[in-house]
Amino acid sequence: MKALTELVLASHNAGKLKELQAMLGDAVRVRSVAEFSSHEPEETGLSFVENAILKARHAARVSGLPALADDSGLAVDALGGAPGIRSARYADGLGDAANNAKLLAALQDVPDAERGAQFVCALALVQHADDPLPIICEGLWHGRILHEPRGEGGFGYDPLFWVPERECASAELASTEKNQLSHRARAMALLKQRLALA
Ligand SMILES: O=c1nc[nH]c2c1ncn2[C@H]1C[C@H](O)[C@@H](COP(=O)(O)OP(=O)(O)OP(=O)(O)O)O1
Ligand SMILES: [Mg+2]
């Protein structure tokens, strides 16, 4: 494979972009897809992997560069894995606060022992828009859904995600710590191994 020197990140989510950039470090020159297009492709896939691939292909197409996409979300055991691939759209596009409120309402009467959940991250890297062999890496992060939000860090569902190994909410972790533990960190570690950047 051609050495990777420049990469476009196929995301419009500021929280994700910050984390991905921090994890990639200085190994590659990173651009954002927003430099090339404000259009966000519809996430029509039935899986995180499919959505990551379609976002990566779109970013590669508009930039002419290799592209890395992240499709991620929260799968809650008591909700049969919902909101899952619909995590960003759970409260019909009203944003993170509305998503979190809807999740708390859905779990209102669910006891702690049944509040297990995992964050899921699928990373897809394509060399060009029609790349027949995308590199796919996935990461999971197991935790539990809290009864109320805690912490100011992170983004998305972080204030509701209890991290058993640190005994705090994900939004209470330092960003450096979240970036070592998270679903995204795990997927990125695998990707770096695949690319021999680790
Ligand atoms: O570390 C995380 N901490 C908290 N919440 C998170 C995390 N990782 C994903 N999430 C949530 C945010 C959003 O509700 C959904 C991702 O949806 P997803 O479609 O992949 O991203 P997005 O639409 O925000 O940006 P984009 O598609 O442009 O990358 O999962
Ligand atoms: Mg999205």
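**Exercise 1.** Find the residues that touch the most other members of the largest nonpolar core, then work out which elements supply this core.

*Solution.* Keep in mind that you're looking at a predicted model. Step one: the largest nonpolar core has 45 residues, and A10, A56, A67, L68, L123, A124 and F161 touch the most other members. Step two: at least two core residues come from each of β1 (6-9), α2 (48-63), β3, β4 (116-126), β5 (135-145), β6 (161-163) and α5 (183-195). Step three: β4 gives the largest share, 9 residues.

**Exercise 2.** Pick A56 and list what it touches, skipping residues up to four places away in sequence.

*Solution.* With those skipped, A56 has contacts with A10, A67, L68, A69, A124, L125, V126 and P134.

**Exercise 3.** Is D71 buried or exposed?

*Solution.* First, locate D71: it sits in strand β3. Next, check the record: an unreviewed UniProt entry puts the feature "active site" at D71. Now count: 28 other C-beta atoms lie within 10 Å of D71. The cut-off for buried is 20 or more, so D71 is buried. Leaving out residues up to four places away in sequence, D71 touches F48, N51, A52, K55 and A122.

**Exercise 4.** Describe the shell around ligand 1: which residues come nearest, and which strand gives the most?

*Solution.* Start with the 23 residues around ligand 1: S11, N13, S72, A88 and G156 come nearest. Then sort the shell by class, which gives 5 nonpolar, 10 polar and 8 charged residues. Finally, look at the strand: β3 (residues 67-76) gives the most to this shell, with 5 residues.

Terms used
Residues are numbered from 1 along each chain as its sequence is written. Chains are lettered from A and ligands numbered from 1 in the order in which they are written. This is a predicted model: local features need pLDDT of at least 70, side-chain atom pairs count only at pLDDT 80 or more; totals for chains, interfaces and linings use all residues. A residue is near a molecule or strand if its C-beta atom, placed from the backbone, lies within 6 Å of it. Helices (H or I, at least four residues) and strands (E, at least two) are DSSP runs, numbered from the N terminus. Ala, Val, Leu, Ile, Met, Phe, Trp, Tyr, Cys and Pro count as nonpolar, Asp, Glu, Lys and Arg as charged, and the others, Gly among them, as polar. UniProt positions are given in the numbering used here, feature names are shortened, and annotations may be inferred rather than shown by experiment. A residue is buried if 20 or more other C-beta atoms lie within 10 Å of its own, exposed if 12 or fewer, and partly exposed in between; C-beta atoms are placed from the backbone. Two residues are in contact if their C-beta atoms, placed from the backbone, lie within 7 Å. A nonpolar core is a set of buried Ala, Val, Leu, Ile, Met, Phe, Trp, Tyr and Cys residues joined through C-beta atoms within 7 Å.
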